[in-house]
Amino acid sequence: MLKIAKGRISTMAVIGAILFMIVQVIATLNLPSLTSNIVNNGVATGNISYIWKIGFEMIGFSLLSVVAAFGNVFLAARSSQKLGKNLRSDIYKKVINFSNDEFDKVETSSLITRTTNDVVQIQNVAMMALRMMIMAPIMLVGASFLAYTKSHELTWIFVVSIPVLLIFIGIVMAFAIPLFRAMQTKTDRINLVFREGLTGVRVIRAFRQDKFEQDRFEGANKDYTQNAIKVNTIVALAFPIMTLIMSGTNVAIVWFGGQLISSQTMQVGNMIAFMTYAMQVLMSFMLLAMVFALIPRAAASATRIQEVLDIETKINDPEKPVALPATKQHSLAFDHVDYRYQTAEQLALADIDFSAHSGQTVAIIGGTGSGKTTLVNLIPRFYDIEKGAVKLDGEDVRSLKTADLHRAISFVPQTATLFTGTIRDNLKFGNADATDDEIWHALEIAWSTATFGDCACVS
Ligand SMILES: Nc1ncnc2c1ncn2[C@@H]1O[C@H](COP(=O)(O)OP(=O)(O)OP(=O)(O)O)[C@@H](O)[C@H]1O
Ligand SMILES: [Mg+2]
């Protein structure tokens, strides 16, 4: 998880957030001591000016704590959101360069979950880490030490309440963590079934499988919901029990502290301060538990994102690309080309050999599944071939810059894709400065070719 944050989160902002948080903890830890001073030296002796003086000090520390908390939240929120933004754009940058081979590896629905939901998990944990993961241990050590200085006699109460709390947290985590971890795969499943239902809606209707598909979606939906309900129930149940443990600790402090006060071995102010420190100690444990409960889910998300980022794109620009001549007249040649899909045993295309020159129209005719689409996909290098060469103007397409190659080719796939916007926006996709005449020309070509199948136009 740290690997995924490295370089994508600003170090300065993280350091700033931590510094603000340290100031906040120090200010917060000071308050109970001041309360005990007011009670011991002001209230007990009726020293009004002392009460005023310490009162102002307390206001000062409270304000400092609020300002520091604001600074910490501001920086933590900013840097975790930026981390999310950077992750999303890195995934997008990676995915947009995927060849069809790589798209065959990771489900599109899963890619969407990984870019949205998984990134949010990482963002949340980064935020929590900058807020609490560092605050809790400092608070824990500081409050325990200060509690000890206020009363050695009562410290034994911790020896009972902390293990009770820890055992309880352990039980809750043992149940909750596997459920938290399962949330991501269940979200994936919902997206997968939903997407299949949408893309296959015609087939589903034609075969009257609406009910079956609905049930399948219901299944995935229910599975996710039940998991979420279970995990939230566990967390919801945990809170009252934790409050009970904290209240029990308070009662014990008042009970035993009261006896110490009546035997004159402890001052009232010290007991009040001790109580507040005890709460801070137990609170720190709870905060740590909360962060640790979120970590497994975020760790699963981090692995899923890393998986995408680690996929090596096979089709890359060559190190020393050959420049295409600056002409609009191109020629295309297939030189004894073999191609096999990486998941297939047999060749999809074997020994394809032909050439097409500027002004010529070449139609590839064949039955369904004979490899027409596959052949056309090899021209813009959507897949790399196994043997032979695909040549544009006599140059192997693998020796060209992909951007140059794509500039020289117009590509009209059989299944059309419309992007959000007007028809004109869609037509201008390949050339933002296209004139009306050019747009009409493109429409005419599209009309005469797209109805027959895939089409690649190189001149
Ligand atoms: N992504 C893929 N992975 C593995 N095999 C594939 C893939 N896409 C297509 N094929 C297989 O490759 C062969 C050629 O398919 P292709 O889509 O090129 O045929 P086509 O001639 O365009 O058919 P149609 O006339 O139906 O459009 C088929 O046997 C098909 O099952
Ligand atoms: Mg086809």
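Domain 1 and domain 2 bury about 440 Å² between them, and 39% of that lies on carbon and sulfur atoms. Buried area here is the accessible area, with a 1.4 Å probe, that two parts lose on being put together, summed over both. On the domain 1 side, Asn 100, Asp 101 and Asp 104 supply 84% of the area buried against domain 2, more than any other three residues.

This is a predicted model, where local features need pLDDT of at least 70, side-chain atom pairs count only at pLDDT 80 or more, and totals for chains, interfaces and linings use all residues. Residues are numbered from 1 along each chain as its sequence is written, chains are lettered from A and ligands numbered from 1 in the order in which they are written, and side-chain values use heavy atoms, with hydrogens and water left out.

The domain bounds, from an automatic or database assignment, are 2-310 for domain 1 and 331-458 for domain 2. Their C-alpha centres lie 52 Å apart. The contact (heavy atoms within 4.5 Å) takes 5 residues from each domain.

Now the ligand. Which residues are closest to ligand 1? They are Gly 369, Gly 371, Lys 372, Thr 373 and Thr 374, out of 13 that surround it, counting a residue if one of its heavy atoms lies within 4 Å.

There are polar contacts, meaning pairs of N or O atoms within 3.5 Å. A polar side-chain atom of Thr 373 lies 2.5 Å from a ligand 1 oxygen. For Gly 371, a polar backbone atom is 2.9 Å from an oxygen of ligand 1.

Technical notes
Polar contact = N/O pair within 3.5 Å; in protein donor to acceptor, adjacent residues only side chain to side chain.
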